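Here's a quick tour for anyone new to reading protein structures. Have a look at the picture first, then work through the points below.

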Amino acid sequence: MTDSSPRPTPSAPLKVVPARYPLRLLGAVFALFILLAIVQSVATNPRWEWAVFRQWFFNPVILEGLGRTLLLTLLGTVFGIIFGTLLALARLSKSYLLNSLAWAYIWLFRSLPLLLVLIVLYNFSYLYDNLSLGIPFTSIEFFKHPTVDLLDQFTVAVIGLSAVQSAYTAEIIRGGIVGVEQGQHEAAAALGLPGYRRTFRIILPQALRAIIPTGFNEVIGLAKGTSIVYVLAMPDLFYTVQVLYNRSQQVIPMLMVATVWYLVITTVLSVLQYYVERYFSRGATRQVAPTPLQRLRLWRTAKP
Amino acid sequence: MSEAFDLYVTRPGQAAPEAVAPPRTRTQTAGRIEISNLSKSFGLHKALNDVSLTIEPGTVTVILGPSGSGKSTLLRTINHLERVDEGFIQIDGDYVGYRRKGDKLYELKEKAILKQRIHCGYVFQNFNLFPHMTVLDNIIEAPIVHGLLNRKQAIERAYELLDTVGLREKANAWPRHLSGGQQQRIAIARALALNPKVMLFDEPTSALDPELVGEVLDVIKKLAESGVTLVVVTHEIGFARQVADRVVFMVDGAVVETGSASQVLDNPRHQRTRRFLEKVL
């Protein structure tokens, strides 16, 4: 571009006119319209029965169900991560047998619907009367117990959720590890760092940057996925709500109780994800952006 | 061999040691590298073809050659980042990657190989600093993990090394916030933190902007005076002329010519060397 106009003299500063975007304004008006329509319909339609919602939202029965949902999510996540990490490392190991075994496990549990896994596990006593641990093809046994006693609803739910979760988590973790630059492995090797140190101090912390967003997807998916334990008649948040509205026929307000609680869980997890991602982006980005809270504080101190 | 580095008190800056350093002294020793009949293939491609080379302790050897001539592969084998197919390498008489008993070579286990690597500092073309750790953490990681120094000593030593490379004020910076030249200088400090007998540089300035090359070469020159054995793969002919005690020219996985810098660079005997120098000079 050439500019034929004379150069401005430094004594007369040029005025900056910000660019205007009329379509953006139109979009904002449209968004506001949608928002108002939603608020109006939710607030004024009496069939939402918000009084019932208020009555049940903090009811101990609901909270107990919520607690069970949270516990299942927590245990599924913790076992999923522990077992998933081991599976991912096995998948990356040079041992052919270990590698194939991990592959087969992941193949199996990614193939089966969670529902099916839970029901099969629940009926495990039909296959084996007793669960025992010993050395194959010998009579040596360390432990033996009737299956029915061992696999109650809760145990089945935890085992089933963890088993499936770990298969998915393993692939996410493996993806993160593979994504770390080869030079990092080499630099760690060149410094003579031992294997565990290379994995847990050098490679995994870097892999976590790629793992966390998809990892949180999995956790959030699990939090909602736990509702499937209703097939075991386990009173988690969703099943509790179901039982209650079948009795009272107040279907929508009770479903709203579950909806809002699931929203709360996901919101908390999303905020957590934001801060965890921030932590692991140290050193990776040129400048870490301030959190919304920090921005609010900056804004308030900037005001006179 | 494992006791050779309980010697953290010394640092670069002292006179070059005698030609053949006694293996277990309490001063920093330079390593003698002996490469015998080394061959290495990647599939059908022969990356190294019967390479033999002796590198005297405390000297600076610059390896030149067109790309794909096996320079980097040779360097990587010295640190056992790459396994060899035939031949062997000795540093101060110890076989790299093997233990000799009678006339048999036993392959070392992972752990022992890691121990061996302590004696060999390696500087990469792409720096490979750990981006999630501060500069200081990068430097103190290895000496602490190997139990050579406690945390306090390691930090003290790290600051000494940062002074050597002129970056004391960057101790708490993140690697990615530094320029390429600064990152490479930190990488050199990190390698030096293990007090190696041998320092290997794999094209240390190839990833740098031209105006940053000088600062890295200056640090390497400083090291050359300190008495550590240096092996540098580079394309900087000027650097070779200034610093190298010996220049090795490689083509197609084989050593074509070796000699002093003036010998190889000014009066090359081989036509292949001459053609290469015509292109780069």
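Let's start where the two chains meet: the contact takes 23 residues from chain B and 19 residues from chain A. Keep in mind that this is a predicted model.

**Chain B's side of the contact**
- Helices H2 (110-117) and H3 of chain B each bring at least two residues to the side that touches chain A.
- H2(B) is the top contributor there, giving five residues.
- Sort the residues on this side of chain B by type and you get 12 nonpolar, six polar and five charged.

**Two helices packing inside chain B**
- Helix H3 (residues 135-145) of chain B packs against helix H4 (residues 151-164) of chain B at an angle of about 130°, and their axes are 9 Å apart.
- On the H3(B) side, the contact is made by Leu136(B), Ile139(B), Ile140(B), Pro143(B) and Ile144(B).
- H4(B) answers with Arg151(B), Ala154(B), Ile155(B), Arg157(B), Ala158(B) and Leu161(B).
- By type, the residues of this H3(B)-H4(B) contact come out as nine nonpolar, two charged and no polar.

**Annotated stretches of chain A**
- An unreviewed UniProt entry puts the feature "transmembrane region" at residues 21-43, 70-90, 102-124 and 251-276 of chain A.
- In the model, residues 102-124 of chain A are 87% helix and 0% strand, with end C-alpha atoms 23 Å apart.
- Residues 251-276 of chain A are 100% helix and 0% strand, and here the end C-alpha atoms lie 37 Å apart.

Conventions:
Residues are numbered from 1 along each chain as its sequence is written. Chains are lettered from A and ligands numbered from 1 in the order in which they are written. This is a predicted model: local features need pLDDT of at least 70, side-chain atom pairs count only at pLDDT 80 or more; totals for chains, interfaces and linings use all residues. Axes are lines fitted to C-alpha atoms, for helices over the stretch in contact, and angles run from 0 to 180 degrees between N-to-C directions. Helices (H or I, at least four residues) and strands (E, at least two) are DSSP runs, numbered from the N terminus. Two residues are in contact if their C-beta atoms, placed from the backbone, lie within 7 Å. Ala, Val, Leu, Ile, Met, Phe, Trp, Tyr, Cys and Pro count as nonpolar, Asp, Glu, Lys and Arg as charged, and the others, Gly among them, as polar. UniProt positions are given in the numbering used here, feature names are shortened, and annotations may be inferred rather than shown by experiment.
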